[in-house]
Amino acid sequence: MGRPSRAKLGALLRPVLCLALLFCLIERCVSQDDNSTSTSNSTTTESYSHILKIERGRKPTHHHEPNETASRSSSSTERSKGRPEFSKNNPEVDWKTNLLKVAEQEAKSHQKNFDLDFMKDKLEKSANSIQWLADLYDPLRWVKVPGDIKPECRADLDAFLHDLKHGKLWAAKLSDASGRYSSQYHFGNGFWLGSSTLCRELNSTQGHSNRNDSLPFSVQFYVSRMLFVLPSSIEATTRQVFIGLCLPSTCDHASVKSMLRACADRVEQQGEATHHSTGPKIHIVQVRKVPSSDYSPWNDAKFFALASSSGLVFFLMLCATIYEYRTGAFSSGKAVTPDLESLSASNNNERKIEYADKNLAEEQQRITCGMSGLAGSNGGGGGDGANDKELIEKAEKGVNDVIVKDSLARTKDKSILLSCLLAFSPIANGSKIISTEPATKSSLTCLHGLRVLSLGWVVMVHTYLQVFSIAENKILRTVTERNFMFQTISNATFSVDTFFFISGLLVTILFYRSLASGTSPNDKGNFLSASMSKFLIMILYRFIRLTPSYLFVLGVNAIAMRYTMTVSVFSPQIIDQYTCEQFWWRNALYVNSLYPRTEMCMLWSWYMANDMQFYVLGILLLLLSVKYFRAVAFTILAVMVSSCLTTFVIAYKNDYIARIQEPFALFDELYDKPWLRAGPYFIGTMTGYLLFKTNCNIKMPILLRGVGWVASSLIMGSLVYGLYPENLSVTVSSVYAALGHTAWAIAVSFIVVQCCTGAAPLVDKLLSLRIIYPLSRLTYCAYLVHPTMMMFTATQMDGPLHLHNGIVLIVYFGNLVAAFLVAFCISVAFEAPVVNLLKLMLSPKKRSR
């Protein structure tokens, strides 16, 4: 083959250069102000719009919050050392930025002076912060109802205070169902929630006059969200406090807020000028009912869409099961054939179900035999002599040809329909997912273990975020973060780089293996047209294979989060009930990671978007490498170098400091964008090409292997445990952010090469345990569904959780097991059938055999 002309080479490289330029333009645009991207959002609530305005109003320069969260107890030490505090664009501290804005507006609108003489004790100045907290809501010490409230509400509350004073049981229960300050505020306890369940239970006693705990009126549970700013001489922190109130249902939102505002004003006057500084400031930023609306999934159109699709799939699964049962297919014992194409997805099923169905073959054979018998009777019963036989053959030749062709067409159509039905067989799909049969020699079985370990790592960090968000003893987080080993949790972000590495490796090695088997785009026709058709087919195949399960989980997540925010007593930083309504199409097109996280449905789905984008770019480069290998290799190196340089510039420009406490800081700028995560994917590409060229047969001296193991261990150890004790400068942190992801992938690459070449048999056996195979096939669906399950279960609790590391460990294993169980159901119902149908469409020869 002659050398390609410069014109052809330029024509082939032009798309690659355009993609690189597009990545740079996108990075530039996303880093700018994105005010114009959400002006069409007219259906979202006022609070969501306010959050978007706050997020987009941020400048890309470093800023200091006036009051840091109490859980960051080391901040004062850092400040004294001249080290800048850093909490910019961190999803975990969004509440502070957003609610401080709301608090400022609340302070400006609050102008009314209430009667503050509503307690038994005379209003006097006090420097005791515990007294302030206790006086914030304490009906036992009220002599009258504070605030400007509705007459009906005041009458019911007067009756409540009267009977509470005289020891009536119903009034005591009503007071007992409400929250108030108990202890541990200065150690992070901001949940004074009482019990919404017990409050609702009190309504069941209404109207029972023969009971001494019968309520004279119905009750409603409210949750008030407040911001506390204590004097700097006590504690320079901003805290949010949630108070649960069980009150008469005649009290509306305005009455409850006015009552609490009067209580807060009294506390502020108590502490005024007692510490040679301004007194405590209390802002009531939100008062909401629980449940906050009449929303029901049964009235949601999305629920019926999901129910209809699920019902149809269940019906097909049932029909397939009945057919297999009646035809005895359960005992067919067909072997599982691995699907190499399925390995191109870093998190998807390792083996896709390929039907070599015995019953289908028997059906075709039975129809063919019947046709042969019919032809034989016609031929043999027509006459006794040769002339009669010849006459019959001549007369019926055309008729028999038509009958045979028609019968074959019907047989083929019937086999196709049966194959489509059997694609939904839960028995066949489920048995192949949980199969632990030995893999072929060419399989890279160590990747199974890497997948499962990486997913377990992801679930672990998400579990800690889950329990920390609803814990009453938040001081445990501060104590835990001071532990050296907690870096295992805070730096779990490298687990996603392992997924990217696996994806790049599998795409590359499978592509070149198919190339070696004679299926390259250069086999026939023009190279460009053949490559383009192959490119489109592969992209379409992957899109159809991954998207149904993805969209199903997205729909479930949108409904679950909307219901959660309606009935939960907590106020988690979840906006999926809004973003999924408006921006779901970005997820469906796998471009959601290119937008700000405040506009992202399923925040964790940034990984799927990046992986699809890398796949598109990777397949394009691999196809071009068939003819222009050196140019593609140079392009890959250029992309990796530009990714590292871009990450460094962004980190340095934003004064980034890597901290154990804030692994998600600068989320939009440094965490989820594809141009920052390209390194691990293309390290996987290089590794896959190396394993293909050497046929997994690399001989290395023992000394070199030892150096490699030491180097990879040091790289991994320094990346995960190198932030302690938090003395990194901005420059070092920027280098850490720029090189960390790629360095991690290089270390993983060495381990994979050693396992695949037989140089590390013990490690390879551990990562290739056959019991891991089923879990590896479920990692894609498990990654999709586990955050939704965790958020839903956590926010359904009636009160906060008192943490202990042992409890966190138990919750973690519960989350992991539940994620795999739900992932199995989703994979059997949606993922495996789609793959089977794709195989039927793309394998016509197998289908007609």
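These are my notebook entries on a predicted model of one protein chain.

**Entry 1: the chain as a whole**

I began with the overall make-up. The chain has 30 helices and four strands. Of its 849 residues, 52% count as buried. I then looked up the accessible surface, which comes to about 38,700 Å², with 62% of it belonging to carbon and sulfur atoms. For contacts between residues at least 6 apart in sequence, I found that 81% join residues at least 24 apart.

Next I checked the confidence. The average pLDDT of the chain is 79, and 74% of the residues score at least 70. Over residues 333–405, though, the pLDDT is below 50, and this stretch still has 116 contacts in the model beyond near neighbours in sequence. I also noted residues 1–5, where pLDDT stays under 50 and the model has two contacts beyond four places in sequence. A reminder to myself: where pLDDT is low, the predicted coordinates should not be read in detail.

**Entry 2: empty space inside**

Rolling a water-sized probe over the atoms shows where empty space is left. How many cavities of 30 Å³ or more are there? I got nine. The largest cavity has a volume of about 260 Å³, so I stayed with that one for a while. Its lining is made of 18 residues, and T493, Y656, P663, Y736 and H741 lie nearest the centre. By type, the lining residues divide into 10 nonpolar, six polar and two charged.

Which helix gives the largest share of the lining of the largest cavity? It is α25, with four residues. Both α22 (667–671) and α25 (730–756) supply at least two residues of that lining.

**Entry 3: M716**

I looked up M716 and found it in helix α24, which covers residues 702–721. Apart from neighbours within four places in sequence, M716 is in contact with W744, A747, V748 and I751. I also took a distance: M716 and A745 are 29 residues apart in sequence, and their C-alpha atoms are 9.4 Å apart in space.

**Entry 4: H786**

This histidine sits in helix α28, residues 779–795. Is H786 buried or exposed? H786 counts as buried because its relative accessible area is 1%, under the 20% cut-off. Setting aside neighbours within four places in sequence, I found H786 in contact with V458, V459, H462 and A819.

First, a peptide bond. V290 and P291 are joined by a cis peptide bond, with omega about 0°. P291 is in the loop between β4 (281–290) and α10 (301–327).

Then I looked at phi angles. Y590 is not a glycine, yet its phi is positive, about 60°. Where is Y590? I found Y590 in the loop between α19 (576–588) and α20 (606–625). Y590 is buried, with a relative accessible area of 1%.

M602 is found in the loop between α19 and α20. Its phi is near 60°, a positive value in a residue other than glycine. Buried or exposed, I asked of M602? M602 is buried, with a relative accessible area of 0%.

How values were computed:
Residues numbered from 1 in each chain as written. Predicted model: local features only at pLDDT ≥ 70, side-chain atom pairs only at ≥ 80, totals over all residues. Heavy atoms only, no water. 1 Å grid on protein atoms, 1.4 Å probe; cavity = no way out; pocket = protein on both sides within 12 Å on 5 of 7 lines; lining within 4 Å. Points joined across faces, edges and corners; volume = space filled by probe spheres on them. Nonpolar A, V, L, I, M, F, W, Y, C, P; charged D, E, K, R; others polar. Contact = heavy atoms within 4.5 Å. Buried < 20%, exposed > 50% of the residue type's maximum accessible area, 1.4 Å probe, protein only. Areas by Shrake-Rupley, 256 points an atom, 1.4 Å probe, with all protein chains shown as cover. pLDDT = per-residue confidence, 0-100.
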